[in-house]
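Keep the structure open beside you, try each task yourself, and then follow the solution step by step.

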Amino acid sequence: MPISVENNRITPDFISELKPNEVFVFGSNLQGMHGGGAAHAAMLHFGAVWGQGVGMQGQSYAIPTMQGGIETIKPYVDEFIAFAQSHPELTFYVTRIGCGIAGFQDAEIAPLFKEAEELSNVMLPMSFWNVLKS
């Protein structure tokens, strides 16, 4: 049975356009070589910059996921959460970072976003919510 998420804070499975105050959050590599997956979509449609693997760029925000294990991703997620807290005027659509090309499972990545549960401006994939609420 699917869970109910307050205020519909679910990132859509496919995002093709954003309003001016919305940000596409994607998994990247530290080199900023946005060649595939959500990173490539971020570069093509939402202003991600080739060669910039971390942080805000255009209407996108890069979180590196390709440099090692979960412990190497957590500091970047924490940095993102702090950024989202300091920018309540923006809405952040977090994709299933790390769960595509990087090869992690939702159950490994979702707990990194525990602190974002209370942020009304951060949307998470349903698969992350399922982990966080279980």
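**Exercise 1.** Leaving aside its neighbours within four places in sequence, which residues is Ile63 in contact with?

Solution. Start with the ground rules. This is a predicted model, in which local features need pLDDT of at least 70 and side-chain atom pairs count only at pLDDT 80 or more, while totals for chains, interfaces and linings use all residues. Residues are numbered from 1 along each chain as its sequence is written, and side-chain values use heavy atoms, with hydrogens and water left out.

Step 1: contact means heavy atoms within 4.5 Å.
Step 2: skip the neighbours within four places in sequence, and Ile63 is in contact with Val25, Phe26, Gly27, Ser28, Ile73, Tyr76, Val77, Phe80, Ile97 and Phe113.

**Exercise 2.** Find the largest nonpolar core: which of its residues have the most contacts inside it?

Solution. Step 1: a nonpolar core is a set of buried Ala, Val, Leu, Ile, Met, Phe, Trp, Tyr and Cys residues joined through side-chain atoms within 4.5 Å. Buried means under 20% relative accessible area, exposed means over 50%, and partly exposed is in between (1.4 Å probe, protein chains only).
Step 1: the largest core has 26 residues, and Ile63, Phe80, Val94, Ile109, Phe113 and Val122 have the most contacts inside it.
Step 2: look at who contributes. Two or more residues each come from strand E1 (22-28), strand E3 (60-64), helix H2 (70-86), strand E4 (91-94) and helix H4 (126-132). H2 gives the most, with five residues.
Step 3: another core, of eleven residues, lies apart from this one, and Ala39, Phe46, Ala48 and Tyr93 are among its members.

**Exercise 3.** Is Thr65 buried or exposed?

Solution. Step 1: locate Thr65 in the loop between E3 and H2.
Step 1: its relative accessibility is 4%, so Thr65 counts as buried.
Step 2: beyond the neighbours within four places in sequence, Thr65 is in contact with Gly27, Ser28, Ile73, Ile97, Gly98, Ala102 and Phe104.

**Exercise 4.** Where is Thr95 found, and how many Å separate the C-alpha atoms of Thr95 and Pro125?

Solution. Step 1: Thr95 sits in the loop between E4 and helix H3 (106-109).
Step 1: Thr95 has 13% relative accessibility and therefore counts as buried.
Step 2: Pro125 is 30 residues away along the chain, yet the two C-alpha atoms are separated by 6.1 Å. Pro125 is also one of the contacts of Thr95, as is Phe128.

**Exercise 5.** In which strand does Met123 lie?

Solution. Step 1: Met123 belongs to strand E5 (residues 122-123).
Step 1: with 9% relative accessibility, Met123 counts as buried.
Step 2: the contacts of Met123, neighbours within four places in sequence aside, are Asn8, Arg9, Ile10, Thr11, Thr91, Phe92, Tyr93 and Val94.
Step 3: Gly51, 72 residues apart from Met123 in sequence, is 26 Å away, C-alpha to C-alpha.

Key: Helix = DSSP H or I, 4+ residues; strand = E, 2+ residues; numbered from the N terminus.
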